[in-house]
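Thank you all for making time this morning. I would like to walk you through a few local features of the structure that is about to come up, and I will go slowly so that you can follow along.

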Amino acid sequence: KKTDTGYYFCKVVGWMPQSGGTWYKAAEKTSTSVRVTVTSLEPTYSVLLSAPTTPHFSDDPTELECKVTDVQNANGTRMTVSWHYRKPTPADLPVSDDLIATMDQNWDLQAGEKYKERVGKGHIVLTKLDPAVFKLQVLHTRDTDRGEYFCTVSAWAQTKDHSWVKTKDVSSRNLPVSWEQEDPSLTVVATPLKAVFSGGDPFEMACKVTGKKLKNPKYSVLINVEEPSSRKIRKIMSMSQDSVTRLEEWNEKDRLDSVVLEKSSADEFRFRMYLTQISDAGYYYCEVTAWTPDAGNTWSEATRGISNKVKIDFENTGPAFNVSLHSDKLTVYPGETVKIECVITVHGAAAGTDDISYDVKWSVSTEDKSVFLVTMDRWGVRTLTPRNGTSDCSLERIKPRTYRLSIHNTEDTDRGSYHCSVTPWLKTSDGAWQKSLEIQSEPVHLKVDFAMLESLKYPLLFGAGAALCVGLLAMLIGYIGARFCCKNALQDDMRGNRRLVSMEMD
(Lines give C-alpha, C1' and ligand atoms only; values in the text may rest on other atoms or scores of the structure.)
Protein backbone atom coordinates (compact mmCIF):
# COMPACT_ATOMS: atom_id res chain seq x y z
CA LYS A 1 0.00 0.00 0.00
CA LYS A 2 1.00 3.58 -0.20
CA THR A 3 2.15 3.49 3.42
CA ASP A 4 4.81 0.88 2.44
CA THR A 5 6.90 3.53 0.69
CA GLY A 6 10.44 3.76 2.21
CA TYR A 7 14.08 2.43 2.21
CA TYR A 8 14.66 -1.33 2.47
CA PHE A 9 17.99 -3.06 3.43
CA CYS A 10 19.20 -6.41 4.80
CA LYS A 11 21.73 -7.26 7.50
CA VAL A 12 23.86 -10.50 7.51
CA VAL A 13 25.57 -11.84 10.66
CA GLY A 14 28.12 -14.71 10.57
CA TRP A 15 28.39 -17.05 13.59
CA MET A 16 31.32 -19.41 14.30
CA PRO A 17 31.31 -22.49 16.58
CA GLN A 18 33.50 -22.63 19.68
CA SER A 19 34.76 -25.46 21.77
CA GLY A 20 32.14 -26.52 24.14
CA GLY A 21 29.42 -26.20 21.49
CA THR A 22 28.80 -22.46 21.78
CA TRP A 23 28.59 -19.86 18.99
CA TYR A 24 30.01 -16.42 18.70
CA LYS A 25 29.40 -13.55 16.27
CA ALA A 26 32.27 -13.51 13.85
CA ALA A 27 31.18 -10.91 11.28
CA GLU A 28 28.29 -8.57 10.45
CA LYS A 29 27.47 -6.73 7.23
CA THR A 30 24.64 -4.44 6.20
CA SER A 31 23.67 -4.03 2.59
CA THR A 32 23.07 -0.79 0.84
CA SER A 33 19.53 0.64 1.01
CA VAL A 34 17.09 0.31 -1.79
CA ARG A 35 14.29 2.90 -2.08
CA VAL A 36 10.84 1.48 -2.69
CA THR A 37 8.12 3.93 -3.71
CA VAL A 38 4.53 2.79 -3.78
CA THR A 39 2.29 5.03 -5.82
CA SER A 40 -1.52 4.78 -5.79
CA LEU A 41 -3.98 6.45 -8.08
CA GLU A 42 -6.37 8.83 -6.21
CA PRO A 43 -10.02 8.18 -6.92
CA THR A 44 -11.53 10.68 -9.30
CA TYR A 45 -15.22 11.53 -9.40
CA SER A 46 -17.66 14.35 -9.95
CA VAL A 47 -20.56 15.49 -7.78
CA LEU A 48 -23.86 16.69 -9.27
CA LEU A 49 -26.54 18.42 -7.16
CA SER A 50 -30.16 18.58 -8.36
CA ALA A 51 -33.51 19.56 -6.83
CA PRO A 52 -36.30 17.09 -7.71
CA THR A 53 -38.73 19.05 -5.47
CA THR A 54 -38.65 22.80 -4.93
CA PRO A 55 -40.99 24.91 -2.74
CA HIS A 56 -43.54 27.34 -4.12
CA PHE A 57 -44.74 28.57 -0.73
CA SER A 58 -43.40 28.71 2.75
CA ASP A 59 -43.86 25.35 4.53
CA ASP A 60 -43.63 23.42 1.22
CA PRO A 61 -41.23 20.44 1.08
CA THR A 62 -37.77 20.70 -0.50
CA GLU A 63 -35.80 17.74 -1.85
CA LEU A 64 -32.14 17.85 -2.94
CA GLU A 65 -30.22 14.96 -4.52
CA CYS A 66 -26.42 14.66 -4.47
CA LYS A 67 -25.11 12.15 -7.04
CA VAL A 68 -21.52 10.89 -7.51
CA THR A 69 -20.60 10.32 -11.19
CA ASP A 70 -17.52 9.52 -13.31
CA VAL A 71 -15.96 7.44 -10.54
CA GLN A 72 -12.47 6.02 -11.29
CA ASN A 73 -9.81 4.29 -9.14
CA ALA A 74 -12.21 3.93 -6.26
CA ASN A 75 -11.88 0.26 -5.49
CA GLY A 76 -12.21 -0.23 -1.75
CA THR A 77 -13.13 3.45 -1.28
CA ARG A 78 -16.07 4.50 0.89
CA MET A 79 -18.10 7.60 0.02
CA THR A 80 -19.80 9.92 2.56
CA VAL A 81 -21.60 13.25 2.17
CA SER A 82 -21.89 16.58 3.99
CA TRP A 83 -24.70 19.07 3.35
CA HIS A 84 -24.13 22.83 3.62
CA TYR A 85 -26.28 25.96 3.47
CA ARG A 86 -25.07 29.41 2.41
CA LYS A 87 -27.16 32.40 3.40
CA PRO A 88 -27.57 35.06 0.68
CA THR A 89 -25.48 38.10 1.61
CA PRO A 90 -24.54 41.31 -0.18
CA ALA A 91 -21.40 41.20 -2.31
CA ASP A 92 -19.39 43.41 0.07
CA LEU A 93 -19.92 41.09 3.07
CA PRO A 94 -18.02 37.86 3.79
CA VAL A 95 -19.73 34.58 2.94
CA SER A 96 -20.31 32.00 5.67
CA ASP A 97 -21.52 28.43 5.32
CA ASP A 98 -23.61 26.49 7.84
CA LEU A 99 -23.29 22.74 8.20
CA ILE A 100 -26.69 21.07 7.98
CA ALA A 101 -25.54 17.48 8.60
CA THR A 102 -22.69 15.15 7.73
CA MET A 103 -21.93 11.42 7.59
CA ASP A 104 -18.70 10.09 9.01
CA GLN A 105 -16.69 7.15 7.66
CA ASN A 106 -19.05 4.74 9.43
CA TRP A 107 -22.10 6.43 7.86
CA ASP A 108 -23.21 7.77 11.21
CA LEU A 109 -25.24 10.99 10.99
CA GLN A 110 -24.12 14.14 12.80
CA ALA A 111 -26.30 17.28 12.62
CA GLY A 112 -24.96 20.82 12.54
CA GLU A 113 -25.42 23.05 15.57
CA LYS A 114 -28.16 25.19 14.01
CA TYR A 115 -30.09 22.20 12.65
CA LYS A 116 -29.95 19.74 15.57
CA GLU A 117 -33.53 20.39 16.68
CA ARG A 118 -35.05 20.05 13.20
CA VAL A 119 -33.05 16.91 12.42
CA GLY A 120 -33.96 15.43 15.80
CA LYS A 121 -37.68 16.04 15.21
CA GLY A 122 -37.52 14.51 11.74
CA HIS A 123 -38.24 17.77 9.90
CA ILE A 124 -34.95 17.35 8.01
CA VAL A 125 -34.20 13.84 6.70
CA LEU A 126 -30.93 12.54 5.18
CA THR A 127 -30.95 9.26 3.27
CA LYS A 128 -28.47 7.18 1.24
CA LEU A 129 -30.23 5.63 -1.73
CA ASP A 130 -27.19 3.72 -2.99
CA PRO A 131 -23.40 4.08 -2.62
CA ALA A 132 -23.38 6.96 -5.09
CA VAL A 133 -26.67 8.81 -4.40
CA PHE A 134 -27.51 10.88 -1.31
CA LYS A 135 -30.72 12.79 -0.60
CA LEU A 136 -31.63 15.74 1.67
CA GLN A 137 -35.31 16.38 2.44
CA VAL A 138 -36.64 19.48 4.22
CA LEU A 139 -40.24 18.54 4.97
CA HIS A 140 -41.37 22.07 5.95
CA THR A 141 -39.30 24.76 4.31
CA ARG A 142 -39.10 28.01 6.22
CA ASP A 143 -38.61 31.55 4.99
CA THR A 144 -35.15 31.44 6.59
CA ASP A 145 -34.25 28.45 4.39
CA ARG A 146 -33.96 30.63 1.32
CA GLY A 147 -30.40 30.55 0.02
CA GLU A 148 -27.83 28.32 -1.70
CA TYR A 149 -27.14 24.67 -0.94
CA PHE A 150 -24.21 22.43 -1.85
CA CYS A 151 -22.99 18.97 -0.92
CA THR A 152 -19.47 17.69 -0.36
CA VAL A 153 -18.65 14.03 -1.05
CA SER A 154 -15.66 12.61 0.80
CA ALA A 155 -13.64 9.51 -0.24
CA TRP A 156 -12.25 7.30 2.53
CA ALA A 157 -9.48 4.64 2.24
CA GLN A 158 -8.82 1.83 4.71
CA THR A 159 -5.38 1.52 6.37
CA LYS A 160 -3.47 -1.54 7.62
CA ASP A 161 -5.09 -1.33 11.05
CA HIS A 162 -8.52 -1.34 9.38
CA SER A 163 -9.18 2.32 10.19
CA TRP A 164 -10.36 4.84 7.63
CA VAL A 165 -8.62 7.99 6.44
CA LYS A 166 -10.07 10.70 4.24
CA THR A 167 -8.35 10.89 0.88
CA LYS A 168 -10.39 13.40 -1.08
CA ASP A 169 -13.26 15.96 -0.88
CA VAL A 170 -15.27 17.06 -3.90
CA SER A 171 -18.03 19.67 -3.62
CA SER A 172 -20.95 20.25 -5.94
CA ARG A 173 -21.98 23.54 -7.44
CA ASN A 174 -24.19 25.85 -5.38
CA LEU A 175 -27.88 25.31 -6.00
CA PRO A 176 -30.21 28.23 -5.10
CA VAL A 177 -33.49 27.40 -3.39
CA SER A 178 -36.04 30.21 -3.32
CA TRP A 179 -39.61 31.07 -4.23
CA GLU A 180 -41.56 34.18 -5.00
CA GLN A 181 -42.05 36.03 -1.77
CA GLU A 182 -45.33 37.91 -1.92
CA ASP A 183 -47.67 38.66 0.94
CA PRO A 184 -50.97 36.78 0.75
CA SER A 185 -54.03 38.85 -0.04
CA LEU A 186 -57.76 38.39 0.34
CA THR A 187 -60.61 40.03 -1.55
CA VAL A 188 -64.16 39.80 -0.22
CA VAL A 189 -67.23 40.98 -2.17
CA ALA A 190 -70.67 41.19 -0.54
CA THR A 191 -73.73 40.98 -2.81
CA PRO A 192 -77.36 41.44 -1.68
CA LEU A 193 -79.54 38.58 -2.90
CA LYS A 194 -82.80 39.73 -1.29
CA ALA A 195 -83.46 43.39 -0.58
CA VAL A 196 -85.58 44.70 2.30
CA PHE A 197 -88.27 47.34 1.78
CA SER A 198 -90.51 46.93 4.84
CA GLY A 199 -90.51 45.23 8.20
CA GLY A 200 -90.96 41.47 8.03
CA ASP A 201 -89.20 41.02 4.67
CA PRO A 202 -86.30 38.49 4.58
CA PHE A 203 -82.76 39.67 3.89
CA GLU A 204 -80.03 37.60 2.23
CA MET A 205 -76.42 38.50 1.46
CA ALA A 206 -73.64 36.47 -0.24
CA CYS A 207 -69.93 36.91 0.50
CA LYS A 208 -67.50 35.79 -2.22
CA VAL A 209 -63.85 35.26 -1.19
CA THR A 210 -60.84 35.40 -3.54
CA GLY A 211 -57.42 34.56 -2.08
CA LYS A 212 -53.95 34.97 -3.59
CA LYS A 213 -50.64 33.43 -2.51
CA LEU A 214 -52.39 31.16 -0.02
CA LYS A 215 -51.53 27.48 0.37
CA ASN A 216 -54.50 25.19 1.08
CA PRO A 217 -56.48 27.92 2.86
CA LYS A 218 -59.61 27.63 4.94
CA TYR A 219 -61.80 30.61 5.67
CA SER A 220 -63.67 31.84 8.74
CA VAL A 221 -66.29 34.57 8.39
CA LEU A 222 -67.83 37.14 10.73
CA ILE A 223 -71.01 39.09 9.91
CA ASN A 224 -71.00 42.66 11.26
CA VAL A 225 -73.49 45.52 11.14
CA GLU A 226 -72.79 49.23 11.48
CA GLU A 227 -75.72 51.03 13.08
CA PRO A 228 -76.67 54.10 11.02
CA SER A 229 -77.17 56.57 13.87
CA SER A 230 -74.38 55.79 16.35
CA ARG A 231 -71.91 54.21 13.86
CA LYS A 232 -71.43 51.47 16.42
CA ILE A 233 -70.17 48.12 15.07
CA ARG A 234 -72.09 45.06 16.29
CA LYS A 235 -71.13 41.44 15.63
CA ILE A 236 -74.05 39.27 14.49
CA MET A 237 -72.70 35.74 14.06
CA SER A 238 -69.58 33.90 12.88
CA MET A 239 -68.43 30.65 11.29
CA SER A 240 -65.01 29.13 12.05
CA GLN A 241 -62.68 27.53 9.52
CA ASP A 242 -64.18 24.18 10.61
CA SER A 243 -67.70 25.39 9.65
CA VAL A 244 -68.87 25.82 13.27
CA THR A 245 -71.39 28.67 13.56
CA ARG A 246 -71.80 30.84 16.64
CA LEU A 247 -74.01 33.75 17.67
CA GLU A 248 -71.87 36.72 18.73
CA GLU A 249 -73.77 39.80 19.96
CA TRP A 250 -77.15 38.69 18.64
CA ASN A 251 -78.87 38.32 22.02
CA GLU A 252 -82.54 38.94 21.20
CA LYS A 253 -84.23 36.02 22.89
CA ASP A 254 -87.28 36.01 20.63
CA ARG A 255 -85.20 36.03 17.44
CA LEU A 256 -82.29 33.66 18.06
CA ASP A 257 -83.33 31.49 15.11
CA SER A 258 -83.98 34.36 12.72
CA VAL A 259 -80.35 34.60 11.50
CA VAL A 260 -78.58 31.87 9.49
CA LEU A 261 -75.01 31.68 8.18
CA GLU A 262 -74.03 28.85 5.84
CA LYS A 263 -71.18 27.87 3.55
CA SER A 264 -72.46 27.50 0.00
CA SER A 265 -69.06 26.63 -1.51
CA ALA A 266 -65.37 26.54 -0.60
CA ASP A 267 -65.07 30.31 -1.10
CA GLU A 268 -68.63 31.62 -0.69
CA PHE A 269 -70.82 32.22 2.36
CA ARG A 270 -74.47 33.24 2.66
CA PHE A 271 -76.12 35.18 5.46
CA ARG A 272 -79.92 35.26 5.87
CA MET A 273 -82.16 37.16 8.26
CA TYR A 274 -85.86 36.29 8.52
CA LEU A 275 -88.63 38.66 9.64
CA THR A 276 -86.53 41.79 9.65
CA GLN A 277 -87.47 44.64 11.96
CA ILE A 278 -86.95 48.35 11.77
CA SER A 279 -84.19 48.06 14.37
CA ASP A 280 -82.23 45.88 11.91
CA ALA A 281 -81.53 48.86 9.66
CA GLY A 282 -77.82 49.40 9.07
CA TYR A 283 -74.83 48.53 6.94
CA TYR A 284 -73.98 44.82 6.83
CA TYR A 285 -70.60 43.42 5.74
CA CYS A 286 -68.41 40.30 6.00
CA GLU A 287 -65.04 40.02 7.71
CA VAL A 288 -63.17 36.96 6.39
CA THR A 289 -59.95 35.47 7.83
CA ALA A 290 -57.76 33.05 5.85
CA TRP A 291 -56.10 30.18 7.75
CA THR A 292 -53.25 27.99 6.46
CA PRO A 293 -51.84 24.76 7.94
CA ASP A 294 -48.39 24.84 9.53
CA ALA A 295 -45.82 22.21 10.49
CA GLY A 296 -47.57 21.21 13.71
CA ASN A 297 -50.84 20.26 11.97
CA THR A 298 -52.42 23.41 13.39
CA TRP A 299 -53.96 26.39 11.62
CA SER A 300 -52.37 29.82 11.68
CA GLU A 301 -53.87 33.11 10.52
CA ALA A 302 -52.46 34.21 7.16
CA THR A 303 -54.46 37.34 6.31
CA ARG A 304 -57.93 38.84 6.53
CA GLY A 305 -60.21 40.97 4.40
CA ILE A 306 -63.37 43.08 4.80
CA SER A 307 -66.12 43.27 2.20
CA ASN A 308 -68.12 46.21 0.97
CA LYS A 309 -71.21 47.22 2.98
CA VAL A 310 -74.78 46.26 2.10
CA LYS A 311 -77.46 48.61 3.42
CA ILE A 312 -80.77 47.56 4.95
CA ASP A 313 -83.28 50.40 4.83
CA PHE A 314 -87.05 50.65 5.09
CA GLU A 315 -89.35 52.71 2.90
CA ASN A 316 -91.98 53.18 5.63
CA THR A 317 -90.37 53.74 9.03
CA GLY A 318 -93.57 54.86 10.81
CA PRO A 319 -93.67 57.74 13.30
CA ALA A 320 -90.63 59.73 14.35
CA PHE A 321 -89.50 59.82 17.97
CA ASN A 322 -87.53 62.25 20.09
CA VAL A 323 -86.19 61.86 23.63
CA SER A 324 -85.33 64.66 26.06
CA LEU A 325 -84.25 64.82 29.73
CA HIS A 326 -85.43 67.18 32.48
CA SER A 327 -84.01 67.36 36.00
CA ASP A 328 -85.33 69.17 39.06
CA LYS A 329 -81.76 70.16 39.98
CA LEU A 330 -78.33 69.60 38.50
CA THR A 331 -76.29 70.26 41.66
CA VAL A 332 -76.98 68.27 44.82
CA TYR A 333 -75.35 67.67 48.17
CA PRO A 334 -74.47 64.23 49.52
CA GLY A 335 -77.50 62.45 50.95
CA GLU A 336 -80.08 64.31 48.85
CA THR A 337 -82.40 62.81 46.22
CA VAL A 338 -82.33 63.89 42.58
CA LYS A 339 -85.03 63.16 39.99
CA ILE A 340 -84.47 63.09 36.21
CA GLU A 341 -87.35 62.68 33.77
CA CYS A 342 -87.08 61.07 30.31
CA VAL A 343 -89.78 62.50 28.03
CA ILE A 344 -90.62 60.82 24.71
CA THR A 345 -92.14 62.89 21.94
CA VAL A 346 -93.90 61.20 19.00
CA HIS A 347 -94.42 62.84 15.61
CA GLY A 348 -96.75 61.28 13.08
CA ALA A 349 -98.84 59.18 15.49
CA ALA A 350 -101.81 59.98 17.69
CA ALA A 351 -101.02 60.57 21.34
CA GLY A 352 -102.12 57.85 23.72
CA THR A 353 -102.22 55.12 21.09
CA ASP A 354 -101.85 51.51 22.24
CA ASP A 355 -99.86 50.58 19.17
CA ILE A 356 -96.57 51.90 20.59
CA SER A 357 -94.57 50.65 23.55
CA TYR A 358 -91.05 51.38 24.72
CA ASP A 359 -87.91 49.81 26.16
CA VAL A 360 -86.19 52.38 28.38
CA LYS A 361 -82.60 52.12 29.52
CA TRP A 362 -80.70 54.52 31.81
CA SER A 363 -76.92 54.84 31.95
CA VAL A 364 -74.34 57.17 33.45
CA SER A 365 -70.98 58.09 31.90
CA THR A 366 -67.96 59.23 33.88
CA GLU A 367 -64.48 60.14 32.75
CA ASP A 368 -63.32 56.55 32.38
CA LYS A 369 -66.39 54.33 31.90
CA SER A 370 -70.10 54.03 31.16
CA VAL A 371 -72.41 52.08 33.49
CA PHE A 372 -76.00 50.89 32.97
CA LEU A 373 -78.22 51.77 35.93
CA VAL A 374 -81.72 50.43 35.37
CA THR A 375 -83.89 49.24 32.48
CA MET A 376 -87.63 48.86 31.94
CA ASP A 377 -88.86 46.77 29.03
CA ARG A 378 -92.07 47.32 27.11
CA TRP A 379 -93.91 45.01 29.51
CA GLY A 380 -92.97 47.18 32.50
CA VAL A 381 -90.39 44.79 33.97
CA ARG A 382 -87.53 46.65 35.66
CA THR A 383 -83.96 45.37 35.98
CA LEU A 384 -81.49 47.05 38.34
CA THR A 385 -77.72 46.83 37.95
CA PRO A 386 -75.82 46.03 41.19
CA ARG A 387 -74.14 49.13 42.59
CA ASN A 388 -71.22 49.78 44.92
CA GLY A 389 -72.00 52.42 47.52
CA THR A 390 -74.81 53.66 49.72
CA SER A 391 -76.86 55.38 47.00
CA ASP A 392 -79.76 53.68 45.27
CA CYS A 393 -81.83 54.38 42.17
CA SER A 394 -85.39 53.65 41.08
CA LEU A 395 -87.32 53.97 37.81
CA GLU A 396 -91.04 54.63 37.44
CA ARG A 397 -93.42 55.48 34.65
CA ILE A 398 -95.31 58.58 35.72
CA LYS A 399 -97.02 59.28 32.36
CA PRO A 400 -97.56 57.25 29.17
CA ARG A 401 -94.35 58.71 27.65
CA THR A 402 -92.53 59.96 30.72
CA TYR A 403 -90.13 57.88 32.80
CA ARG A 404 -88.57 59.20 36.03
CA LEU A 405 -85.20 58.11 37.40
CA SER A 406 -84.66 58.86 41.10
CA ILE A 407 -81.27 58.64 42.77
CA HIS A 408 -81.64 58.38 46.54
CA ASN A 409 -78.99 59.26 49.13
CA THR A 410 -76.60 60.62 46.51
CA GLU A 411 -72.87 60.44 47.04
CA ASP A 412 -69.75 61.69 45.30
CA THR A 413 -69.59 58.68 42.93
CA ASP A 414 -73.01 59.56 41.47
CA ARG A 415 -71.74 62.58 39.55
CA GLY A 416 -71.53 62.18 35.78
CA SER A 417 -73.53 62.43 32.55
CA TYR A 418 -76.88 60.64 32.57
CA HIS A 419 -78.45 59.28 29.38
CA CYS A 420 -81.85 57.84 28.56
CA SER A 421 -82.04 55.34 25.66
CA VAL A 422 -85.46 54.46 24.25
CA THR A 423 -86.31 51.66 21.81
CA PRO A 424 -89.85 52.04 20.41
CA TRP A 425 -91.95 49.01 19.43
CA LEU A 426 -94.64 49.49 16.78
CA LYS A 427 -97.65 47.23 16.32
CA THR A 428 -98.31 46.34 12.70
CA SER A 429 -101.66 45.75 11.05
CA ASP A 430 -101.36 41.98 11.44
CA GLY A 431 -100.82 42.26 15.22
CA ALA A 432 -97.03 41.69 15.18
CA TRP A 433 -94.60 44.02 16.96
CA GLN A 434 -91.76 45.69 15.08
CA LYS A 435 -88.69 46.91 16.94
CA SER A 436 -87.51 50.39 15.89
CA LEU A 437 -84.08 51.93 16.12
CA GLU A 438 -82.77 52.94 19.52
CA ILE A 439 -82.91 56.67 20.32
CA GLN A 440 -80.60 58.27 22.86
CA SER A 441 -81.20 61.55 24.61
CA GLU A 442 -78.73 64.34 25.14
CA PRO A 443 -76.86 63.95 28.44
CA VAL A 444 -77.71 65.68 31.70
CA HIS A 445 -74.65 66.48 33.83
CA LEU A 446 -75.16 65.93 37.55
CA LYS A 447 -72.77 67.56 40.02
CA VAL A 448 -72.43 66.50 43.67
CA ASP A 449 -71.06 69.38 45.82
CA PHE A 450 -69.30 69.06 49.14
CA ALA A 451 -71.28 71.03 51.82
CA MET A 452 -68.66 72.66 54.06
CA LEU A 453 -71.00 73.85 56.84
CA GLU A 454 -72.95 70.62 56.87
CA SER A 455 -69.75 68.60 57.10
CA LEU A 456 -68.38 70.75 59.97
CA LYS A 457 -71.62 71.06 61.97
CA TYR A 458 -71.36 67.82 63.91
CA PRO A 459 -67.58 68.01 64.49
CA LEU A 460 -67.99 71.55 65.94
CA LEU A 461 -70.82 70.47 68.23
CA PHE A 462 -68.92 67.45 69.46
CA GLY A 463 -65.76 69.54 70.00
CA ALA A 464 -67.56 72.27 71.96
CA GLY A 465 -69.34 69.71 74.13
CA ALA A 466 -66.12 67.86 74.86
CA ALA A 467 -64.31 71.14 75.76
CA LEU A 468 -67.12 72.19 78.15
CA CYS A 469 -67.07 68.83 79.93
CA VAL A 470 -63.28 68.93 80.35
CA GLY A 471 -63.43 72.51 81.72
CA LEU A 472 -66.12 71.66 84.29
CA LEU A 473 -64.20 68.59 85.38
CA ALA A 474 -61.02 70.64 85.87
CA MET A 475 -62.86 73.22 88.00
CA LEU A 476 -64.39 70.48 90.14
CA ILE A 477 -61.01 68.83 90.75
CA GLY A 478 -59.48 72.21 91.72
CA TYR A 479 -62.25 73.02 94.14
CA ILE A 480 -62.04 69.64 95.88
CA GLY A 481 -58.26 69.95 96.19
CA ALA A 482 -58.46 73.46 97.66
CA ARG A 483 -61.30 72.56 100.01
CA PHE A 484 -59.88 69.46 101.64
CA CYS A 485 -56.16 69.07 100.92
CA CYS A 486 -54.96 72.65 101.71
CA LYS A 487 -57.33 73.52 104.65
CA ASN A 488 -54.77 73.24 107.56
CA ALA A 489 -52.06 75.20 105.79
CA LEU A 490 -54.42 78.07 105.19
CA GLN A 491 -55.46 78.24 108.86
CA ASP A 492 -51.81 78.41 110.05
CA ASP A 493 -51.07 81.23 107.68
CA MET A 494 -54.08 83.16 108.95
CA ARG A 495 -52.97 82.93 112.67
CA GLY A 496 -49.50 84.24 111.87
CA ASN A 497 -50.93 87.15 110.08
CA ARG A 498 -53.14 88.06 113.06
CA ARG A 499 -50.19 88.11 115.52
CA LEU A 500 -48.17 90.34 113.26
CA VAL A 501 -51.07 92.68 112.96
CA SER A 502 -51.46 92.81 116.81
CA MET A 503 -47.79 93.63 117.32
CA GLU A 504 -47.92 96.29 114.72
CA MET A 505 -50.84 97.95 116.43
CA ASP A 506 -48.99 97.93 119.82
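Predicted model: local features only at pLDDT ≥ 70, side-chain atom pairs only at ≥ 80, totals over all residues.

As a reminder, strands of a sheet pair through backbone hydrogen bonds, and the pairing can be either parallel or antiparallel.

What is the order of the strands in the open sheet of four? Reading across, the order is β5-β6-β11-β10, and the pairing is antiparallel. At the edges lie β5, residues 44-53, and β10, residues 124-130, each of which pairs on one side only. From one strand to the next, the twist averages 20 degrees.

Staying with strand β6, I would like to point out D70, which lies in that strand and has a positive phi, near 55 degrees, although D70 is a residue other than glycine. Is D70 buried or exposed? Its relative accessibility is 59%, and because the cut-off for exposed is over 50%, D70 counts as exposed.

A second residue with a positive phi is L275, which is not a glycine and has a value of about 50 degrees. L275 is found in the loop between β21, residues 268-273, and β22, residues 282-293, and with a relative accessible area of 60%, L275 is exposed.

Let me turn now to another aspartate, D98, which lies in strand β8, residues 97-103. Here the relative accessibility is 19%, and since buried means under 20%, D98 counts as buried. Which residues does D98 touch, if we leave out those up to four places away in sequence? They are W83, H84, Y85, K114 and Y115.

Finally, I would like to look at a stretch that comes with an annotation from a record. In UniProt, an unreviewed entry carries the annotation "transmembrane region" for residues 460-482, and such annotations may be inferred rather than shown by experiment. In the model, that span is 100% helix and 0% strand, and the C-alpha atoms at its ends lie 33 Å apart.

How values were computed
Residues numbered from 1 in each chain as written. Heavy atoms only, no water. Helix = DSSP H or I, 4+ residues; strand = E, 2+ residues; numbered from the N terminus. Buried < 20%, exposed > 50% of the residue type's maximum accessible area, 1.4 Å probe, protein only. Contact = heavy atoms within 4.5 Å. Pairing = 2+ DSSP bridges. Axes fitted to C-alpha atoms, helices over the stretch in contact; angles between N-to-C directions.
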